[in-house]
Amino acid sequence: MKQISKSAGMGTAILQKELIVRMRRFRSLIIQLIFAAILGGAMWMYSLSATIGGATSPEDHAQTLVAIYFAVQLAALFLIIPALGAVSITTERLGRTWDLLIGTDLSPGEIVRGKLLGILSMTFYFMFLPAPLLAMTTLFGGVSIGSILFEYFIHMLLALLLGSCAILSSAASKGTARAILQVYPLAALGLMFTMVYLTNFVYSEGLLMLDYLVMDPPPWEFWLVAIPLYLFALIGTLVGSTFFLSGVESAREIPVRVLFLVTFLITICLYLYAMLPNVSATGFNSMIGVHGQGLIVALAFLPLVLLRLAGSETRVPLRVAQIYSKRKLVTRIGYFLLPGGMRNLILSIVLYSIPFVMVLLLYSVELETLNQVSDNFDLENYQSRQASFEASLFTMYMWGTSVLALGWFFAQVGFGGIVSSVLALGIHVTLAMFVTTMMAYTAGSTGFIFLSPPLLVIRLDFSPASMMMLTQANLFSSISLLVCVLVGIALSRAKGIPVLKVQRPGMDDLYLELPEKAS
Amino acid sequence: MSLVSTPIIQVRDLTMRFAKKEAVSAISFDVPRGVIHGFIGPNGAGKTTTIRILASLLVPTSGGAWIDGANVVTEPEEVRRRLGYMPDYVGVYEGLSVQEYLDFFALAHRLAPARRRASVADVIELTDLGNLLETEVHVLSKGMRQRLCLAQTLLHEPDLLILDEPASGLDPRARIEFRGLLTELRRLGKTVFLSSHILSELSSICDSVSIIEKGVLLADGSIEEIQMRLRGATVAYEVTLLEESTEVESILREIPQVGSVLLEGRKLRFDWDGEDALIHQVWGALAARKIAFTGVRREEDDLESLFMSLTSGEVQ
């Protein structure tokens with residue numbers, strides 16, 4: 001029996017190979033020299049200025065030296081990691097080793113993990129080389145070993161995220177140049193933001209992050225948002241990389257959908273947590289006031305994201321159909337997360353509905369607080385705004401679902417995910433432009449404004465005429481939704497693609513069972 | 001049907017359509033176990049596309065293919081475990097030595113440490129790479145790279161090797177050595193499926209061939225079988241007479257299995273439409289009339305002439 005090793009599972013094979021290949025390259029020596037030269041140069045400059053500037057205490061020197069070191073290291077991370085990551089997959093493709101690699105037992109996920117570990121190992125090697133010298137600065141006082149370790153920890157987390165972003169860029173690109181061009185603007189933005197913040201508030205004061213956090217601790221809600229956001233970015237980029245490296249007939253869509261769902265739920269929970277205690281009919285946070293309107297604007301942009309799901313491939317990938325036929329219980333529980341057919345539309349509408357439900361929930365909480373309102377509260381005004389808010393909300397909801405249905409419809413016609421999304425959005429942008437043009441040429445006539453509900457909601461003046469237009473817009477969105485769904489279903493049936501079943505009937509002429517060889 | 005008698009490659013109505021082009025059009029063929037099977041066609045015929053589908057690297061548009069009973073679409077992991085694939089261009093990792101390169105792929109195939117060491121040692125011995133273990137792979141000659149890649153495909157002990165144009169770009173010596181390696185693999189019970197457009201390479205080692213052009217399979221089977229299908233049972237003989245003779249033509253026409261007869265000086269050429277065992281009738285008839293001959297040559301179609309008669313030379 002063939003002996004099987006589990007050690008390759010965590011990407012060990014790739015890690016070993018990456019370490020050997022990277023460390024033997026002349027380029028790696030050059031990077032090390034440049035890194036050491038920049039660090040040494042920065043320290044030397046400081047020592048010169050410190051000598052010229054007169055005596056300061058050894059504690060101050062130690063603090064400033066360590067702060068300079070970490071500032072330079074941070075900048076180096078933003079420069080080096082994108083370069084290492086962006087070439088990680090593209091060099092395999094261009095060097096024609098990719099076919100050999102996926103011909104082994106390694107899965108795309110293991111390859112991504114191995115590549116990431118390879119980048120991190122190289123980066124950590126650079127980072128920890130000066131660690132003994134840094135530790136010695138604690139002898140002068142002013143810098144604690146805990147602060148240094150915490151700084152390293154934060155830099156490692158940053159390296160992890162940057163590395164996974166760079167690998168995502170590499171996995172999604174055919175060429176190295178494109179991968180680098182995609183990831184460096186992001187890195188530059190990150191570097192700019194981080195450096196501006198850290199040099200202004202932390203390092204310029206001779207502080208390290210731990211000292212800063214101890215001196216001026218952020219509210220614990222900050223961590224409640226920052227940690228899930230970081231995890232989302234990290235997991236999202238890793239899932240995305242695996243998605244791009246997996247075949248179209250694999251189950252690669254499922255983790256993406258789970259990520260979408262989890263992200264939505266976490267965001268909603270965090271938002272509810274933050275908003276609920278502040279909801280008050282008289283206060284600044286009134287749901288029918290600033291926050292409600294802000295949410296309506298946000299919801300107008302949400303279809304941009306969800307069209308990715310609604311307009312995705314209408315056929316069930318082979319691997320998903322196989323998993324479904326073998327593990328019925330698990331897959332039935334997560335039925336709406338399975339790609340293909342009507343589920344694409346249902347999941348996108350369900351996700352789109354979650355924020356609306358959330359708004360309604362906050363809104364109902366707010367209504368309850370009316371009982372505690374003082375005597376001078378303008379109830380009539382509140383109720384009038386409440387009616388217009390409800391109407392606007394419903395109109396936006398109907399519009400959003402009709403956009404998603406249009407994207408889904410184009411996918412049933414046979415367009416790819418991106419084309420379907422662009423077509424659906426393009427039609428609605430065209431309608432908005434048409435309405436604007438008509439209004440300009442007909443002295444503000446709003447006869448066609450129902451064709452573009454977001455424009456209508458923006459211009460809503462709550463007159464009986466405009467409320468009537470809301471009804472027209474809702475009717476237009478409903479008919480559009482219904483037509484897209486019905487024609488989409490008819491098209492699917494005509495093509496023999498199941499609408500609700502998780503099946504690939506006949507697997508589109510692919511043979512699953514071996515037929516007899518024709519004579 | 002026992003597993004041993006099941007063909008190791010089974011292809012049924014395999015079709016691959018790219019945007020506007022049908023690269024492979026409903027081809028069907030089988031490859032039995034333990035043979036060297038040549039996959040022949042001009043450039044752009046659809047060879048590499050078919051091979052990539054068989055290696056589970058491409059999903060076909062329709063039809064299907066099975067490797068040792070595993071479906072290339074629904075069981076790609078199983079397919080990859082059962083075959084070793086060598087692409088037309090062998091990419092190598094700059095900076096790795098031959099030993100490290102093989103160790104890496106053995107680990108990637110999840111071979112346990114003991115098995116890994118044994119397997120790497122076995123393939124090094126088989127491919128005669130022992131004196132190059134410390135050499136970095138990117139400085140190897142093309143021939144040695146091909147050997148290394150072949151070694152890599154053998155690490156997980158697959159029964160089937162799929163090699164895409166393994167001899168292209170090799171010098172004559174490397175080609176001969178590579179041919180010997182393939183023959184050795186057949187002796188070890190491996191099935192080798194290789195594509196090439198260098199027919200002289202294939203004719204000497206292949207047990208069977210498939211000929212493809214413009215995505216359409218024109219013929220498959222052993223060279224003799226294809227010849228039989230193309231020309232029927234007719235075989236041409238060329239006889240060199242000792243002296244010129246005018247009566248020889250009439251003598252041969254008396255034998256019903258003899259077809260057309262052509263006499264040019266001492267060269268006699270005739271078609272034989274009967275069983276091979278009955279050809280002695282011709283020699284008997286000539287001997288009875290005291291017509292002596294100094295040489296006989298049976299004209300058989302070689303792979304090149306079969307290929308030329310089957311293909312039109314057009315590419316997609």
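Q: How far does helix H1 of chain A reach from its first C-alpha to its last?
A: It reaches 18 Å. H1(A) covers residues 12–24, 13 residues in total, and the span is close to the 18 Å expected at 1.5 Å a residue. Expected span is 1.5 Å times one less than the number of residues. Helices are DSSP runs of H or I with at least four residues, strands are E runs of at least two, and both are numbered from the N terminus.

Q: Numbering and model type?
A: This is a predicted model, where local features need pLDDT of at least 70, side-chain atom pairs count only at pLDDT 80 or more, and totals for chains, interfaces and linings use all residues. Residues are numbered from 1 along each chain as its sequence is written, with chains lettered from A and ligands numbered from 1 in the order written.

Q: Which residues of H1(A) are buried?
A: Ala13(A), Ile14(A), Leu15(A), Gln16(A), Lys17(A) and Glu18(A). Buried means 20 or more other C-beta atoms within 10 Å of the residue's own, with C-beta atoms placed from the backbone.

Q: What do they pack against?
A: Helix H6 (108–128) of chain A, together with H3 of chain B.

Q: On to the interface. How many residues of chain B are in contact with chain A?
A: 37 residues of chain B contact 36 of chain A. Contact means C-beta atoms, placed from the backbone, within 7 Å.

Q: Which element of chain B gives the most?
A: H3(B), with five residues on the side that touches chain A.

Q: What is the mean pLDDT of chain A?
A: 84, with 92% of residues at 70 or more. pLDDT is the predictor's per-residue confidence, from 0 to 100.

Note on methods
Contact = placed C-beta atoms within 7 Å. Buried ≥ 20, exposed ≤ 12 C-beta atoms within 10 Å, placed from the backbone.
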